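Work through the exercises below with the sequence and the model in view. Try each task before reading its solution.

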Amino acid sequence: MTREEFGDWQTPLDLANAALEVACRESEPPASVLEPTCGEGAFLTAAAARFRRARLVGYEINHAHAERARARLPASRARVEVADFFAVDWEQNVAALPEPILVIGNPPWVTNASLGALGSSNVPRKHNFKRLSGLDARTGKSNFDVSEWMLLRLIEALKGRRATVAVLCKTAVARRVIELTTASIAPGGLWRIDAQRHFDAAVDAVLFVCNVHPSAPGDSRWPVYESLDARAPSSTMAIVGGVAVADSDRHDRTAHLAGTSTPEWRSGLKHDCARVMELERTNDGWMNGMGARVEIEDAMLYPLLKSSDVANGAPRRSRAVIVPQRMLGEDTSLLAQAAPKAWAYLCAHRDLLGARKSSIYRGQPAFAIFGVGPYSFAPWKVAISGLYKRCAFSLVGPLTDRPVMLDDTCYFLPFEAAAPARATFEALSSPLAQDFFAARIFWDAKRPISKAVLQQLDLTALFAELRV
Ligand SMILES: C[S@@+](CC[C@H](N)C(=O)[O-])C[C@H]1O[C@@H](n2cnc3c(N)ncnc32)[C@H](O)[C@@H]1O
């Protein structure tokens, strides 16, 4: 049994007490307290002291933890079972609990992807839990947290009961659970906790509190507090039309700007072979990532900006990328005539380029790249890094008369001329546009800035309001 596989980080008693304090403010005094993956029983111990008559029930997969939990709890009203969460008949067990029920705890913080890497089977048998389509699965949306599965399962089992759920979890997990169960739960709220301090984990985490509700409002508002001690929320997350928005006030103020961006946001070039495709200018000429000198036609090379250049506004003038196609799927064998040095260089590295793992290169011409089209060659661009956690746009003009390429960690809008590019850059940097994105971007997400969120801002509506 590994610690990682079971997300086995026990909650300190003082944190369990503080979380329970908040949960109590949000719910009726419970007749029963359930801790579904109770470990050594920190929450049950805190609840035992606070609710002198409540029935206390815990489940835990690890025998030693369960034994320790039992020893801490009053035997007359506590029961701790050794059980695999995914094998428990929750409907039956929940039916036996007196109301009101408080479900409290700290489900394991581990994703199914890391469990896969650990060769673990600590996952539910039903893999298509959220009925993910094949495409979602391939683009990574199938990577979700074990705690998300557990919360969805518990909320399902609690349907029709008077129950409050209060758990420590990643903020992203709380948000997804709210989105997926919005018709069955009512706020509650989210109280940020310092996961670094308590669990040595560099993630955004919260105490997530919701009330299981027979007819929840659907489009609900969820106050977000900066700490367990905070009495007033710092913002309000909302569900609007089934989708979570980060800040409902800003969302309301900028709703009229929502639409579709024209021009379309694009992502930068994807080639998955930096050591061959990216070159650095030295006193000796162009060098590739393997330290070899490269002779290549200038027309095949374009200045390249990466996320760090875009985010820090300091382009490395000496970096270039080979662009063997002008549009997706273009026949690269034409290069043999048109650019014989580039062709010879790419042929010499056929093995490395042919070994690129991503399935997108299958069935494509040799040396194919992605994220390429007429827009890539637009001389002016307004760009943003998709890796950095800030909404800062950059104006990118040509370098030595060549259009600048962005790598696939960046998004950009293409422009043929400087004036509209500059005007768009200024409009996107305005407080109004910043409010629009602040309402819709969740900074705790792994890649908060996405094409989908950028594409939602109607630039025509933005210009009309700013009168630029
Ligand atoms: C983050 S710890 C929290 C423990 C306890 N709730 C607390 O707050 O101190 C997660 C717990 O879940 C248990 N666990 C992991 N997978 C489980 C499963 N499939 N069924 C039951 N318990 C599980 C682990 O052994 C660990 O004790």
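**Exercise 1.** Which residue of β18 does I384 stand opposite?

Solution. The model is predicted, so local features need pLDDT of at least 70, side-chain atom pairs count only at pLDDT 80 or more, and totals for chains, interfaces and linings use all residues. Residues are numbered from 1 along each chain as its sequence is written, and side-chain values use heavy atoms, without hydrogens and water.
Step 1: find strand β17, residues 380-385; strands are DSSP runs of E, at least two residues, numbered from the N terminus.
Step 2: β17 and β18 pair in the antiparallel sense over four bridges; pairing requires that DSSP finds at least two bridges between two strands.
Step 3: I384 stands opposite F393 in β18. A383 has S394 of β18 as its bridge partner.

**Exercise 2.** Are the faces of β17 covered or uncovered?

Solution. 
Step 1: in a regular strand, side chains alternate between the two faces of the sheet.
Step 2: W380, V382 and I384 lie on one side of β17, and K381, A383 and S385 on the other.
Step 3: all of these are buried, so both faces are covered (buried means under 20% relative accessible area, 1.4 Å probe, protein chains only).

Key: Buried < 20%, exposed > 50% of the residue type's maximum accessible area, 1.4 Å probe, protein only.
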